[in-house]
Amino acid sequence: MEVPDMAGTAGVPEAPEIPEERPRARRRGRTTLLIAGAAVLGVVAGTCTGYLIQAEREPTKLASLSQPTPAQTKGPAPEPLSAAQDRRVKTDGDLRKLLLPKPSGVKTAKWLSSVDGWLDLPAYANTYVEPGQAFGSAISDEFRRAVSTGWTRGQADFEVRLTQFRQEEALGAAAVTSGNQSWAADESSTRSWPVPGTGDGMAYVHDKPKTRAGYLPQYYAEAYAWRGDIAVMIWVYDTKPVPKKTIMDLVERQMERL
């Protein structure tokens, strides 16, 4: 190994290399081999003895593969659960019957997209700002069916919609409700309140109207909640501010019907 010339080190002899020490392998002695050979012979002898003993025994009778037929209960089958005991009995029927009834003295809305109260998938998607995207999202959310009702009272328009999802692989009702709530909460000049008895249902009143040349200002309120596989959507539009009581009363009464 070369040592570079450095000031003050001239004439210093080079240190001899020290060989690296490695652990020495321990040799196996003759006694170890003898013990190992005796152990192998003992295992072989034990195996042969066990085989001879088992060969002289009578064969064990195996259990029969066929089993007796279980006894069948007698008498009439139990009555199906009522709607009070099984919510699906109610929600699997005519969904339109679960919508809020129109108040007396109002006009039927002519602007509704539903036919006889029913909204098929294209009509449902067409109610969104971007129908193409809404169509794809509805399929992903396992859209099953939707119904809506609406009415006009004075200058105010009301719409109530129920959207049902299959919910085989996704919680569509909860997902759609959460998305609608996010959009509503992002609006400026918005007040919001939780809907009692719904867990995470919310109602929103937008105090800043939408304006358009040649049209009266449009105030609106909305509410979104879900129960089971059904999402509830409610909108109120008016030329004057919508009171909190109006939207809260609608969503609470609709949730009671579910």
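Predicted model: local features only at pLDDT ≥ 70, side-chain atom pairs only at ≥ 80, totals over all residues.

User: How are the planes of Trp-151 and Phe-158 arranged, stacked or edge-to-face?

Analyst: A pair of aromatic rings is described by the distance of the centres and the angle of the planes. For Trp-151 and Phe-158 the centres are 5.5 Å apart and the planes stand at 15 degrees, and planes under 30 degrees apart count as stacked. Both residues are buried, and the pair, one of five aromatic pairs in the count, is therefore stacked.

User: Which class does the pair of Tyr-224 and Trp-235 belong to, stacked or edge-to-face, and which strands does this pair link?

Analyst: The pair joins distant parts of the chain, with Tyr-224 in strand S7 (residues 218-227) and Trp-235 in strand S8 (residues 230-238), 11 residues apart. Tyr-224 has a relative accessible area of 4% and is buried, while Trp-235, at 12%, also counts as buried. The ring centres of Tyr-224 and Trp-235 lie 6.2 Å apart with planes at 80 degrees, and because angles over 60 degrees fall in that class, the pair of strands S7 and S8 is edge-to-face.

User: Which element gives the most residues to the largest nonpolar core?

Analyst: The largest nonpolar core has 29 residues, and Leu-162, Ile-234, Ile-247, Leu-250 and Leu-258 are those with the most contacts inside it. Strands S3 (143-153), S4 (156-165), S6 (202-210), S7 and S8 each give two or more residues to this core, as does helix H6 (244-257). With five residues, the element that gives the most is H6.

User: How many residues are in the second, separate core?

Analyst: This second core is separate, and its members include Tyr-124, Val-176, Tyr-224 and Ala-231. Tyr-124 also forms one aromatic cluster with Tyr-128 and Phe-143. The number of residues in the second core is 17.

User: Where do the buried residues of H6 fall when the helix is seen down its axis?

Analyst: The buried residues of H6 are Ile-247, Met-248, Leu-250, Val-251, Gln-254 and Met-255, and they pack against S3, S4, strand S5 (190-194), S6, S7 and S8. The exposed residues Lys-245 and Glu-256 are carried on the face turned away from the buried side of H6. Seen down the axis, the buried residues line one face of the helix, because they fall within an arc of 160 degrees.

Technical notes:
Residues numbered from 1 in each chain as written. Heavy atoms only, no water. Phe/Tyr/Trp six-rings, centres within 6.5 Å; stacked < 30°, edge-to-face > 60°. Buried < 20%, exposed > 50% of the residue type's maximum accessible area, 1.4 Å probe, protein only. Helix = DSSP H or I, 4+ residues; strand = E, 2+ residues; numbered from the N terminus. Core = buried A, V, L, I, M, F, W, Y, C linked by side-chain atoms within 4.5 Å. Arc of directions from axis to C-beta. Contact = heavy atoms within 4.5 Å.
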